[in-house]
Amino acid sequence: MARETDQFYHQQQEPNRACFMALREIILAFDPEIKEAWKYGMPGFSFRGKMLCYLWQDKKIHQPYVLWVKGQEMTSPDLIQGDRKRMKVWYVDPQKDIDRAGLEALLAQARPHYS
């Protein structure tokens with residue numbers, strides 16, 4: 001697992017690489033029960049054994065985002081559902097500082113759905 005996830009991060013071009021690595025650090029530091037995983041060819045994070053979110057980038061604009069597995073149950077206006085039925089995304093501008101408080105608020109909002 002670590003090799004695949006590490007390989008993913010190191011293959012990214014800057015500034016996305018630094019952005020993805022910072023997202024990883026923030027997510028893992030939020031709760032000791034959050035574990036890193038490699039699923040569907042992308043880095044993801046599980047909470048209490050169930051997938052919480054994934055890191056990926058938009059294919060057209062190459063902007064990083066966090067894909068929330070139980071996004072339909074989350075109500076933040078910062079989340080975008082698009083044509084997804086269940087998941088929502090939270091885009092991150094790699095040219096700016098990550099909104100750590102915003103990401104932590106989303107993690108806190110998602111946590112109760114994993115009891």
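## Pocket lining and nonpolar core

Strands β3 and β5 each contribute at least two residues to the lining of the largest pocket, where strands (E, at least two residues) and helices (H or I, at least four) are DSSP runs numbered from the N terminus. The model is predicted, so local features need pLDDT of at least 70 and side-chain atom pairs count only at pLDDT 80 or more, while totals for chains, interfaces and linings use all residues. Residues are numbered from 1 along each chain as its sequence is written, and side-chain values use heavy atoms, with hydrogens and water left out.

The volume of this largest pocket is about 160 Å³. A pocket is an open set of points on a 1 Å grid over the protein atoms alone, where a 1.4 Å probe fits, with protein on both sides within 12 Å along at least five of seven lines, and lining residues have an atom within 4 Å of a point. Among the lining residues are Trp56, Asp58, Arg84 and Tyr91, and the lining divides into five nonpolar, three polar and four charged residues.

The largest nonpolar core has 33 residues; such a core is a set of buried Ala, Val, Leu, Ile, Met, Phe, Trp, Tyr and Cys residues joined through side-chain atoms within 4.5 Å, buried meaning under 20% relative accessible area with a 1.4 Å probe and protein chains only. Ile27 is one of the residues with the most contacts inside this core, whereas Thr5, in helix α1, is buried with a relative accessible area of 0%.

The table leaves aside neighbours within four places in sequence, contact meaning heavy atoms within 4.5 Å.

| Residue | In contact with |
|---|---|
| Thr5 | Arg24, Glu36, Ala37, Trp38 and Pro43 |
| Ile27 | Ile34, Phe45, Cys53, Leu55, Leu103 and Leu107 |

Definitions and conventions:
Buried < 20%, exposed > 50% of the residue type's maximum accessible area, 1.4 Å probe, protein only. Points joined across faces, edges and corners; volume = space filled by probe spheres on them. Nonpolar A, V, L, I, M, F, W, Y, C, P; charged D, E, K, R; others polar.
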